[in-house]
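Please examine the sequence and the three-dimensional structure shown here. The paragraphs that follow consider charged pairs and the side of a helix.

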Amino acid sequence: MKISSSIDAKWFLMVESDVVRCLLEARIRLTVPIWSIVRESQTVEDIFQEVVLRALKQHDQFTDEGHLMAWSRTTAKNLAVDFLRQRGKSQVMDAGVMDRIWTISDEDSQGLKERQDALRNCLKTVPPRQREMIRLRYGEGLSCGEVATRIGTTLDAVYKRLSRTHSQLRKCVEVALQGETS
């Protein structure tokens, strides 16, 4: 199909960006089952990148996100099995088990996204000092001792504040998730 105008060209560019957005949002749903097949982190990344590249090359064939995701799951699974064959390894699980892993991954990732969204909203309610501690501890990966040094407090104070903040966040997320199911 020939692109006849600049409007058509913009539509195709938008579709490419939608393909990338959709695949990046589904990254965990795609990579966890791949890892369960190949068991090598770098190979998982390589396979995911190959899926994205192939999807971009044929972006105009996808009718919607569901079609793209079904194609991506099949392509990723086939690439993972091909990797095992190239390495002379037999398939580590039967096809039924692989299909169940993909299904569970899809179900779990939807719940994960809801929990992540709830946590993001709950973090907005945390006082700035505690939010900074959370950022240092988990965003920058500092130890509790390093957090204490950075903010000028004792290690014991960091443990207590983080514990209280975790409890506050857990309760907030639980309330938010219960509100979504009501």
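**Salt bridges and a buried helix side**

R87 counts as partly exposed, at 49% relative accessibility; buried stands for under 20% relative accessible area, exposed for over 50%, and partly exposed for values in between, with a 1.4 Å probe and protein chains only. The model is predicted, so that local features need pLDDT of at least 70 and side-chain atom pairs count only at pLDDT 80 or more, whereas totals for chains, interfaces and linings use all residues. Residues are numbered from 1 along each chain as its sequence is written, and side-chain values use heavy atoms, with hydrogens and water left out.

The partner of R87 is E40: the two form a salt bridge in which the closest N and O atoms are 3.7 Å apart. A salt bridge here requires a side-chain nitrogen of Lys or Arg within 4 Å of a carboxyl oxygen of Asp or Glu. E40 lies in the loop between α2 (27-38) and α3 (41-57), and R87 in the loop between α4 (65-86) and α5 (95-123), so the pair ties together parts that are 47 residues apart in sequence. Helices are DSSP runs of H or I with at least four residues, numbered from the N terminus.

E132 is partly exposed, with a relative accessible area of 30%, and R135 is partly exposed at 37%.

K160 is partly exposed, with a relative accessible area of 44%, and D156 counts as partly exposed at 44% relative accessibility. An α-helix has 3.6 residues a turn, so residues three or four places apart point the same way.

Which residues of helix α7 (residues 144-151) are buried? They are C144, V147 and A148. These residues cover an arc of only 100° around the axis, which puts them on the same side of α7; the arc is that of the directions from the helix axis to the C-beta atoms. After α7 comes G152, whose phi is positive, near 75°.

How values were computed: Helix = DSSP H or I, 4+ residues; strand = E, 2+ residues; numbered from the N terminus.
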